[in-house]
Amino acid sequence: MRKAVRAVDAVRGRMRALVRRVRQAPRDAGMVTSEYAVGIIAAVAFAAVLYKVVTSGQVQTELQDIVKRALDGGA
């Protein structure tokens, strides 16, 4: 009978520890779907602006000059 009581007490102790951990867990562990959507829209908008800048004539010319100098040995 004592073994059974000790086993039940051990299980209760483990359950209490588990309940304590669950209660102490952070409530907000991540972003919700709407936050992901806003983040994706912002990233796409930034990528579009960056693409426009990089493909503009002046920037494209500068990038080509940098690549040419690098391929010519840095001269």
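User: Why is Leu63 called partly exposed?

Analyst: This is a predicted model, and in it Leu63 has a relative accessible area of 40%. Leu63 is found in helix α3.

User: How do you know that the length of α3 agrees with what a helix should span?

Analyst: The helix α3 has 15 residues, and at 1.5 Å a residue these should span 21 Å. The expected span takes one less than the number of residues, and because the end C-alpha atoms of α3 are 21 Å apart, the two values agree. After α3 comes Gly73, whose phi is positive, near 95°.

User: What makes Leu63 part of a nonpolar surface patch?

Analyst: The patch of about 620 Å² is made by Leu63 together with Phe46, Val49, Leu50, Val53, Val54 and Ile66.

User: Which helices supply the residues of the nonpolar patch, and which has the largest share?

Analyst: Both α2 (33-54) and α3 (57-71) supply at least two residues each, while the largest share, five residues, comes from α2.

User: Why is the contact between Arg12 and Asp9 called a salt bridge?

Analyst: The closest N and O atoms of Arg12 and Asp9 are 3.8 Å apart, and the definition asks for a side-chain nitrogen of Lys or Arg within 4 Å of a carboxyl oxygen of Asp or Glu, so the pair qualifies. A search of the whole structure finds one salt bridge. Arg12 and Asp9 both lie in helix α1 (residues 2-24), where they are three residues apart, about one turn of the helix.

User: What secondary structure does the protein have, and what share of its residues is buried?

Analyst: The protein has three helices and zero strands, and read along the sequence its pattern is α-α-α. Buried residues make up 0% of its 75 residues. The protein exposes about 7200 Å², of which carbon and sulfur atoms supply 64%.

Technical notes: Residues numbered from 1 in each chain as written. Predicted model: local features only at pLDDT ≥ 70, side-chain atom pairs only at ≥ 80, totals over all residues. Heavy atoms only, no water. Helix = DSSP H or I, 4+ residues; strand = E, 2+ residues; numbered from the N terminus. Patch = residues over 30% accessible without salt bridge, like charges linked within 9 Å, V, L, I, M, F, W, Y side chains within 5 Å. Areas by Shrake-Rupley, 256 points an atom, 1.4 Å probe, with all protein chains shown as cover. Buried < 20%, exposed > 50% of the residue type's maximum accessible area, 1.4 Å probe, protein only.
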